[in-house]
Amino acid sequence: MVGEQDFAYEKIEGGIRILRCYGVSGRVEIPAELEGLPVTEVAAYAFAGRMEEEPENISGLPCICGTNLEELYLPETIRRLGRYVFYNCLQFRKLSFSSNISYMGAGGFTGCGRLSHLTMRQKEGASCLREILQDLKQPVVVDCYGQPGKGLGNVAADVLQAGTQGEALACRLVYPEFYEEAVENTPARIISTQTHGMGIQYRNTFRDTQIVFPEYDKLFETGKYNMDITTILEMSVARLSHPYALSGHAKAEYALWLREHLKEGAGYFLGQGRKEEVGWLAMSFAETREELELLLEAANQQADAEQISFLMDALHRRFLAKTRKFTL
């Protein structure tokens, strides 16, 4: 037993296959090894409400499956995810994984409509990110962690932020939603599928399984007219605050839009209690006193005393102190 979670598993060639997880929390962290062997697979239907053959539960803990699963942290030893592994996990919101998962069975994310945050540890070689994103039609935020020279390339030190286990947050990407519609051609008795929304275009900005950042950023030129404002806000702040492989032209495009919607953006992030984003807007993005005052005005409108205090302090440190003059 690991803390208040336990696992049903079986030994396979080369490692361990997880069959079920048990515990009192919806947050599951699968260990990298059990009985001295690497954990390499998660079985088909492992987190679904029902399995074809339910393993014996000797832990005395409830099964973490179906609507009980909320967050899952996979070790980098995992190489295979079975079919329908997360079938109808309706409350599943966050998945942490390494990019070198080499096999994912059919229907793995069927019914995972709330899975909106992916944390990926980028490794060398082929990446499974696009395959996961293609199964998720809802808006998804992806945090990509890596090390300089590994997977994401030689990341400049000034764009890295401290991550976990010595890794660094190289980039944060927002993938908009898309939806599919079945269209029937009655005379020909043919049903075709039509895809709508910018989300599918963003999910196609990959080459040889790797993200092509210039193609991703270029979509913003038309996407800013075709996406909802909250998605554009999330995307602009994500790319500007974590500017991995961000060209000067793309940076200017994101920044211009964000400055035109600065007060709306501040209100949105303040309303969600997003201190990281508000702090970045105040300390890194705002270039003038007037822009910081817009943030302060948004905080006043929401009567957020803590953020008002923070923004007043930022205003004083960044601008008021600079205008102080002394005469002899």
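User: Is aspartate 6 buried or exposed?
Analyst: This is a predicted model, in which local features need pLDDT of at least 70, side-chain atom pairs count only at pLDDT 80 or more, and totals for chains, interfaces and linings use all residues. Residues are numbered from 1 along each chain as its sequence is written, and side-chain values use heavy atoms, with hydrogens and water left out. Buried means under 20% relative accessible area, exposed over 50% and partly exposed in between (1.4 Å probe, protein chains only). Aspartate 6 has 17% relative accessibility, so this residue counts as buried.

User: In which strand is aspartate 6 found?
Analyst: Strands (E, at least two residues) and helices (H or I, at least four) are DSSP runs, numbered from the N terminus. The run from residue 5 to residue 12 holds aspartate 6, and this is strand E1.

User: How far apart in space are aspartate 6 and leucine 61?
Analyst: In sequence, aspartate 6 and leucine 61 are 55 residues apart. In space, C-alpha to C-alpha, the distance between aspartate 6 and leucine 61 is 7.8 Å.

User: Why is helix H7 described as largely enclosed by the rest of the structure, and which of its residues are buried?
Analyst: Helix H7 covers residues 262-271, and seven of its ten residues are buried, so the helix is largely enclosed by the rest of the structure. The buried residues of H7 are Leu262, Gly265, Ala266, Gly267, Tyr268, Phe269 and Leu270.

User: Which glycine just after H7 takes a positive phi?
Analyst: The phi in question is about 70 degrees. The residue that takes this positive phi just after H7 is glycine 273.
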